[in-house]
Each structure stands twice: as C-alpha cells, then as structure tokens.
Amino acid sequence: MEKNKYGHVAVFIQQHNSKIEAVSLELLGRATELAKELDTKVSAYLPCEKAGEMTKALFSYGADYVYTIENKELKDFRSLPYTKAVVEAVKKDAPCIVLFGATRTGRDLAPRVASTIRSGLTADCTELKIGSYTDNKAGKTYEKLLYQIRPAFGGNIIATIINPEWHPQMATVREGVMKMREPNTSRKGEVIPINVTFSDVDLAVKIIDKVIKEKKVNLTGANIVVAGGMGVGSKDCFCKINEFAKIINAEVGASRAAVDQGWVSKEHQVGQTGVTVRPKLYIACGISGSVQHKAGMDQALKIIAINSDPEAPIFKFAHVKIVGDLNTVIPMMIEAYKKIDVSKK
Ligand SMILES: Cc1cc2nc3c(=O)[nH]c(=O)nc-3n(C[C@H](O)[C@H](O)[C@H](O)COP(=O)(O)OP(=O)(O)OC[C@H]3O[C@@H](n4cnc5c(N)ncnc54)[C@H](O)[C@@H]3O)c2cc1C
C-alpha cells in the first residue's frame, strides 16, 4: 500500500442490509477533494456481514482502499462491536482524517472511536477545509490541518476547530451538507480485509427484534422544496403551503419557528438543527432567513423568497425576491403554474 506523510483521508461507511447510506457516499466525495490537497488517498472503513458489491460502489464514489471488516456480528449496528471494528481499521490504516456521517449511528460511534484512540472530534461540521495554523506562543506552524468548521454559540458565530497535535483529526457531517459526486464505475481500488474477534463483553447487547419506521418525509432527496415560516400565520394557513407543494410536486419544509408553533412536524424542519437540503429549487414563504435556517438551505441551486418585509435577511441570499403577502403571492403562483402547458416542456 502506498504510504503518505499525511496518512489517508478515511470515511466510515454506514450500510444497512448492504445498502450504503447516502451520507457516506457524500463524504467520500469531500474526502477525495481533501485527499487531493494533501496529496494522499482515500480509505473507506466498511464494517458489515458481507461486503459483496459494496466495495465496487465505494471505489466508484472515490475510495482508493476499502477496509472490509466482515463478521456476522456486524450485520446490524451495535456500539461496541462497531467501535472495535473501526478502531482496528484506524490502527491498520493510520489515517490523518476520519469522517463519519452525523446520523444516529455516526453520533454514537464517532465519540467512542475518538475516545478509544484518544483523538479529538468535532460534531456536525458544515464545512471541511485544509489550512495551516501558527501557534505564536510556541513559535510553531502546523501545515495542512483539517479545519473543522461549524456554527457555534447558537449559530451566532462560525467556529473553525483544529486538532494540531492529536491525530487522526475526526469530524461528523450531516447528510446533505456535502455534495455527492457522480460515480465513476471504471475506478478501481484495493480491498484490505481486517479480521476482528469479539469478546462476550463486546456482544453483551443482543438484538431481539427490529422495528423499522418508514421515513415519510424525504427532504434530502427532493428536487423542489416549498418551506413555510412564521409568516404563514397559523396551522390552517400552513395547509396552503402543503397544497402549493403538492401542486408543484415538491416536498414541504419549514423553519423551526413554524415547527415550534406545531403547524408542521419536526421532520420537516430545515436548518442547523433540522435537515440540510440541496434541492434544485427552494421556495421560502414567510421565512426571515436566520443564520440557523440558512445553514440548511443555502446550497439550493435556486432560492425564491416570498416575504412582506423588503429588508428581510433572506433577500440577501435569495436568487428571486418577491416582496409581498404570501397569501396573495402563493395563489398567483399556483394559478400561473396551472396555466403552464407541461406537454411543451
Ligand atoms: C441553536 C439554534 C438552532 C436553531 N435551529 C434552527 C433550524 O434548524 N431551522 C430554523 O429555521 N431555525 C432554527 N433556529 C431558529 C432561528 O434562529 C429563527 O428563530 C427561525 O429560523 C425563525 O423562523 P422564521 O423565519 O419562520 O420566523 P421569523 O424570523 O419570525 O420570520 C417570519 C418572516 O415572515 C415574514 N412575514 C410575515 N407575514 C408575512 C406574510 N403575510 N407574507 C410574507 N411574509 C411574511 C416576516 O417579514 C418575517 O421575515 C435555531 C435557533 C437556535 C438558537
């Protein structure tokens, strides 16, 4: 295996029934860019029962090395066996960076791995960059560190966090924050199998039954999102947002304020403490555009904002600005849409 002074950029691969979670593929894309800057390669750590075709998929999304940790005890996620599996991969690979999806699994696993290997961890990063840092007191410059960037203090500042001394540098990133790149099926790589054995203590938790709740809202995969905020005014009025979304085949999003009012359920919340979306079109209705909301939607290809206040912060980053009462504007948009002859499109 090719060695580099910076070590590889590694991604923990989360899979369920041999289906790789989107966030892991998104992270492989970002890992590829980071690895390029560090002149190193990308590793994927795949704990599972059987790797099968998953390795090919991982190469096509940017992995150069796939560390397969196959064991029947790794069929479903359990904290201790998975921690052991990923720690073994880290020990063998000696990466400079390890990334995890900020999913329920990643949020459980990443801190356990970090504390086992005595490394730092930044949760919920919204950006990852490579940069240097000079410690003026010590008169020392650290080159090519991972800048782990995330909102802090309630989103009022954007903090850049670094681990100059303790490596690997570790971070979790939520689904949708990084852009998934197109797979290249001709890419090839190396599979590196790792054996792990588990003690009775590792396997103390037994899975007796599995209850899988179907996801009803698919904001991350939506091409169009129509989102409502406090400006919608009431739960009854929020029906207009639902109706508008249905007509234009969009998913319904919301600001936290609208969710807190009980007008719409939490799974619709977009933003720092909700979902991060990257649709082709985001229509924000009666949303002021707080930093916390912006964090979850400013990567949309086109943003249309409808707001009665011409000074609303959302107009600073919306591509199309409609100053007006949403109760007037939305019905006009619905009427206009209905008149479009879709057959000519
Ligand atoms: C730690 C932390 C995490 C947070 N996480 C999130 C998050 O994930 N997502 C999120 O959204 N927020 C989040 N927030 C809350 C955030 O700070 C804002 O309070 C929230 O986004 C405001 O929601 P809003 O824009 O709907 O409401 P407001 O800020 O009250 O804005 C309502 C807007 O509607 C306009 N309006 C009013 N009437 C009409 C009308 N008839 N027609 C058109 N426009 C109208 C007003 O001009 C105004 O701009 C978080 C806050 C904290 C502290």
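**A look around the core**

Modeller: Happy to! Let's begin with Leu 46, which touches Ile 13, Ala 51, Met 54, Leu 58, Val 66, Tyr 67, Thr 68 and Ile 69, leaving aside residues up to four places away in sequence. Please keep in mind that this is a predicted model. Leu 46 belongs to the largest nonpolar core, a set of 53 residues in which Leu 28, Ala 44, Leu 46 and Leu 58 touch the most other members. Helix 1, residues 22-38, gives the most to this core, with 7 residues. Apart from this core lies another one, of 36 residues, including Ala 250, Ile 283, Ile 306 and Ala 318.

Now let's turn to the strands. Strand 4 covers residues 42-48 and runs parallel to strand 1, the two being joined by 4 bridges. Within this pairing, Val 9 stands opposite Val 42 of strand 4. Strand 1 also pairs with strand 6, residues 97-101, again in the parallel sense, over 3 bridges. There, Ala 10 has Val 98 of strand 6 as its bridge partner.

What about the side chains of strand 1 itself? In a regular strand, side chains alternate between the two faces of the sheet. In strand 1, residues 9-12, Val 9 and Val 11 point one way while Ala 10 and Phe 12 point the other way. Whichever way they point, all four of these residues are buried.

Methods:
Residues are numbered from 1 along each chain as its sequence is written. This is a predicted model: local features need pLDDT of at least 70, side-chain atom pairs count only at pLDDT 80 or more; totals for chains, interfaces and linings use all residues. A residue is buried if 20 or more other C-beta atoms lie within 10 Å of its own, exposed if 12 or fewer, and partly exposed in between; C-beta atoms are placed from the backbone. Two strands pair if DSSP finds at least two bridges between them. A nonpolar core is a set of buried Ala, Val, Leu, Ile, Met, Phe, Trp, Tyr and Cys residues joined through C-beta atoms within 7 Å. Two residues are in contact if their C-beta atoms, placed from the backbone, lie within 7 Å.
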